[in-house]
Amino acid sequence: MANPAPAAGGKSFLQAIATVTEEAPPPLRVVQMEGLAVLKIIKHCEEFAPALVTGQLLGLDVGSVLEVTNCFPFPTREDDEEADADGANYQLEMMRCLREVNVDNNTVGWYQSCLLGSFQTVELIETFMNYQENIRRCVCIVYDPSRSSQGVLALKALKLTDSFMELYRNNGLTGEKLREKKLSWVDIFEEIPIKVSNSALVSAFMKELEPESPVSQCDFDRLKLSTAPFMERNLEFMIGCMDALSSEQNKFQYYYRNLGRQQSQQQAWLQKRRQENMSRKAAGEEPLPEEDPSNPIFKPLPEPSRLEGYLVTNQISSYCNHINGVAGQNFNRLYLAKALQED
């Protein structure tokens with residue numbers, strides 16, 4: 001058999017293919033979700049609200065687009081080892097059944113519900129890291145039923161940034177490493193735009209279902225001026241986050257106090273050792289080493305991780321955005337009501 005002709009640049013065809021395969025995939029630009037998958041996520045989260053639920057996302061990873069074509073819910077279970085094993089077996093069985101009926105069964109991530117945008121947790125990051133071991137590019141679809149009840153489809157596609165994952169793997173979430181990488185609290189999660197699409201057959205079917213003469217109906221719920229429960233819960237959660245942030249700051253203050261005390265003890269010990277060495281030199285004896293690793297005062301103090309503080313700061317930012325958005329809508333309603341009364 002003749003050898004493959006060399007490609008441009010003197011490379012053979014097989015070498016060119018290997019080079020393309022080894023290249024890094026393009027960055028993820030958009031998450032394209034089928035309308036069926038979106039409706040199944042909303043239905044599952046709404047039925048069990050306010051309880052939190054999760055499920056598996058199925059689809060394809062095509063270039064810079066992650067296609068989510070289907071999903072299925074995880075069964076509700078208690079936190080024990082037997083339940084974890086049952087949950088894993090359930091996922092494998094579901095994916096086997098979907099494969100038999102020729103449905104996409106490639107895992108591309110998972111979805112979960114949240115309450116008022118409270119999804120920035122250590123558990124979410126650990127789940128991301130577990131998925132990343134087998135799936136290079138995965139996303140988490142977060143749906144908030146409480147926010148969606150305010151007239152906004154609270155659906156987000158999230159992934160961890162590459163810089164944060166590198167630091168998290170190496171346990172480098174310390175002040176020095178974060179300053180070196182220029183990583184702040186806004187650089188933990190990356191939100192990917194979501195595009196909802198349907199097949200041509202589904203679009204045609206929906207067009208047939210539309211009535212010929214649509215009935216116009218005023219939505220008076222949009223004119224409700226009372227949003228006190230939603231605002232109160234956001235404020236309550238934000239106050240709780242402020243307390244958690246204050247607790248994290250106290251941890252660092254305690255660490256820096258101990259660090260300053262240790263440095264003072266080290267300086268006093270070194271000064272005493274130098275005076276002792278001067279006396280030994282005058283007596284013609286060998287000087288002692290100025291560093292003693294066995295001394296407890298030279299043992300480095302472990303710096304607390306900045307992860308909790310960063311996550312709490314992210315959560316506070318989310319609550320502030322929620323309150324700002326609801327307050328803006330309320331002002332618009334008040335101005336509209338005032339104009340109607342004047343007329």
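The accessible surface of the chain comes to about 22600 Å². Carbon and sulfur atoms hold 54% of that surface. These areas come from the Shrake-Rupley method with a 1.4 Å probe, and for residues only the protein chains shown count as cover. The model is predicted: local features need pLDDT of at least 70, side-chain atom pairs count only at pLDDT 80 or more, and totals for chains, interfaces and linings use all residues. Residues are numbered from 1 along each chain as its sequence is written, and side-chain values use heavy atoms, with hydrogens and water left out.

The chain has 343 residues, and 33% of them count as buried. Buried means under 20% relative accessible area, exposed means over 50%, and partly exposed lies in between (1.4 Å probe, protein chains only). The secondary structure comprises 10 helices and eight strands. Both are DSSP runs numbered from the N terminus: helices are H or I with at least four residues, strands are E with at least two.

Now the strands. Two strands pair if DSSP finds at least two bridges between them. Strand S1 (residues 30–34) runs parallel to S3, with four bridges. Met-33 stands opposite Val-68 of S3. S1 also runs parallel to strand S8 (residues 194–197), again through four bridges. Gln-32 has a bridge partner in each: Glu-67 in S3 and Lys-195 in S8.

On to S2. Strand S2 (residues 54–62) is antiparallel to S3, and eight bridges join the two. Asp-61 stands opposite Leu-66 in S3. The hairpin of S2 and S3 has two residues between the strands, and Gly-63 there takes a positive phi near 60°.

Is Asn-70 buried or exposed? Asn-70 counts as buried because its relative accessibility is 10%. Its side chain makes a polar contact of 2.8 Å with that of Lys-40. A polar contact is a pair of N or O atoms within 3.5 Å; within protein, one must be able to donate a hydrogen and the other to accept it, and residues adjacent in sequence count only if both atoms are side-chain atoms. Beyond neighbours within four places in sequence, the contacts of Asn-70 include Ala-37, Gln-56, Leu-58 and Val-103.

Next, the rings. The structure holds eight aromatic pairs. Rings of Phe, Tyr and Trp (its six-membered ring) pair if their centres lie within 6.5 Å; planes under 30 degrees apart count as stacked, over 60 as edge-to-face and the rest as tilted. Phe-237 and Tyr-319 form a tilted pair, because their ring centres are 5.9 Å apart and their planes meet at 45°. Phe-237 lies in helix H9 (residues 228–282) and Tyr-319 in helix H10 (residues 307–342), so the pair ties together parts 82 residues apart in sequence. Phe-237 is partly exposed at 25% relative accessibility, whereas Tyr-319 is buried at 3%. Elsewhere, ring pairs link Phe-72, Phe-74 and Tyr-90 into a cluster.

Last, the cysteines. How many disulfides does a search of the whole structure find? It finds zero; a disulfide is a pair of cysteine sulfur atoms within 2.5 Å. The sulfur closest to that of Cys-140 belongs to Cys-138, 8.7 Å away, too far for a bond. Cys-140 is buried at 0% relative accessible area. Cys-97 is partly exposed at 33%.

Terms used: Contact means heavy atoms within 4.5 Å.
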